[in-house]
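Dear colleague,

Here is the structure I said I would pass on. My notes on it follow below.

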Amino acid sequence: MRSAIRNGELVREDQAVLPVTYREVQYSYSVYEALRITDSHVVHLDDHLKRLKESCRAILLSHPFSDDLIASSLHALIEKDGIANATARILIVGGKSPLFFITYTDLLTYPESYYSEGVGVTLYYGERFLPQAKTSNLLMQYLALKEAESKGAFEALLVDRKGQVLEGTRSNFYGISGTRIYTAPDEFVLSGITRISVLKAAEELGFEIVYTPPTATNLHMFDSLFLSSTSMGALPVASVNGNPVKKDKWDAIHSICALERKWE
């Protein structure tokens, strides 16, 4: 059986459980981070710990767990189970007696065909609550992704009341037009750890970043569209609601992805 971390202590995975009578569990008053472990190395650990604290501050969740405790617990888990490649999840639940867990699953990867052929996405009209905080309040994302998958799509893009396409349920979103990349401003979305690296890579490759989101009505005008996340890197979009979109800048997307992964 796999191991896990509960409040800084190594336990069996089946002991990393939440008390169902805990009010904060019932209200999903919690924040989380998902991290890549490759060759026993935690990718962008400091950045994830920083965002974890920022998410806590955004929802006034105070906890007694230091960055050093979380980091040392994660490394102890890697050593105990001999973890080489995995996706780890840090969860902090608030309340009078805060709880902190680290669990892991097999490393999430995608077929090479997703990068060479692109993926399909759908549009879902809804706005994420407190977009700058990575909380466990994920019902809308779950429903949007479930609807997308029922239509054979890989991801659902969230469209706000102004018709702006801000982000995916589990990804950030971009449109390329010439030498410019359009994406939502940080205050409108969860500024993913990989998003920061993707935008840096794009700038190094000569792109100008424009913090104006694409809209549901102009997606067809972009030279290419793509997604990014911790597990995806940078992934090209082939269709929106079943309608093909342009592929003119796919080579650039692949270059951005390769550079971002190189920095890991």
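At 15% relative accessibility, Tyr-110 counts as buried, because the cut-off for that class is under 20%. The model is a predicted one. Tyr-114 reaches 28% relative accessibility and is therefore classed as partly exposed.

Aromatic pairs

The whole structure contains 6 aromatic pairs. One of them joins Tyr-110 and Tyr-114: the ring centres are 6.0 Å apart and the planes meet at 20 degrees, so this pair is stacked. In the pair of Tyr-182 and Phe-222, the centres are 5.7 Å apart and the planes are at 70 degrees, so that pair is edge-to-face. Tyr-182 belongs to strand E11 (residues 180-182), while Phe-222 sits in the loop between strand E12 (208-210) and strand E13 (224-229). The two residues are 40 apart in the chain, and the pair links distant parts of it. Both Tyr-182 and Phe-222 are buried. Ring pairs also connect Tyr-110, Tyr-114 and Phe-154 into a cluster.

Nonpolar cores

The largest nonpolar core is made up of 39 residues. Ile-181, Leu-225, Phe-226, Leu-227, Val-240 and Ile-256 have the most contacts inside this core. Helix H7 (residues 250-262) supplies its largest share, 6 residues.

Surface

A nonpolar patch on the surface is formed by Leu-139, Tyr-142 and Leu-143, which together have about 330 Å² of accessible area. Leu-143 is part of helix H5 (residues 139-150). With a relative accessible area of 42%, Leu-143 is partly exposed.

Backbone

Leu-60 is not a glycine, yet its phi is positive, about 60 degrees. Leu-60 is located in the loop between helix H2 (45-58) and helix H3 (67-81). Its relative accessible area is 73%, so Leu-60 is exposed, the cut-off being over 50%. Leu-130 also has a positive phi, near 50 degrees. Leu-130 lies in the loop between strand E7 (119-125) and H5, and at 34% relative accessibility counts as partly exposed.

Regards

Terms used: Residues are numbered from 1 along each chain as its sequence is written. This is a predicted model: local features need pLDDT of at least 70, side-chain atom pairs count only at pLDDT 80 or more; totals for chains, interfaces and linings use all residues. Side-chain values use heavy atoms; hydrogens and water are left out. A nonpolar core is a set of buried Ala, Val, Leu, Ile, Met, Phe, Trp, Tyr and Cys residues joined through side-chain atoms within 4.5 Å. Buried means under 20% relative accessible area, exposed over 50%, partly exposed in between (1.4 Å probe, protein chains only). Helices (H or I, at least four residues) and strands (E, at least two) are DSSP runs, numbered from the N terminus. Patches are made of residues with over 30% relative accessible area and no salt bridge: like charges are joined within 9 Å, nonpolar side chains (Val, Leu, Ile, Met, Phe, Trp, Tyr) within 5 Å. Accessible areas come from the Shrake-Rupley method with a 1.4 Å probe; for residues, only the protein chains shown count as cover. A salt bridge is a side-chain nitrogen of Lys or Arg within 4 Å of a carboxyl oxygen of Asp or Glu. Rings of Phe, Tyr and Trp (its six-membered ring) pair if their centres lie within 6.5 Å; planes under 30 degrees apart count as stacked, over 60 as edge-to-face and the rest as tilted.
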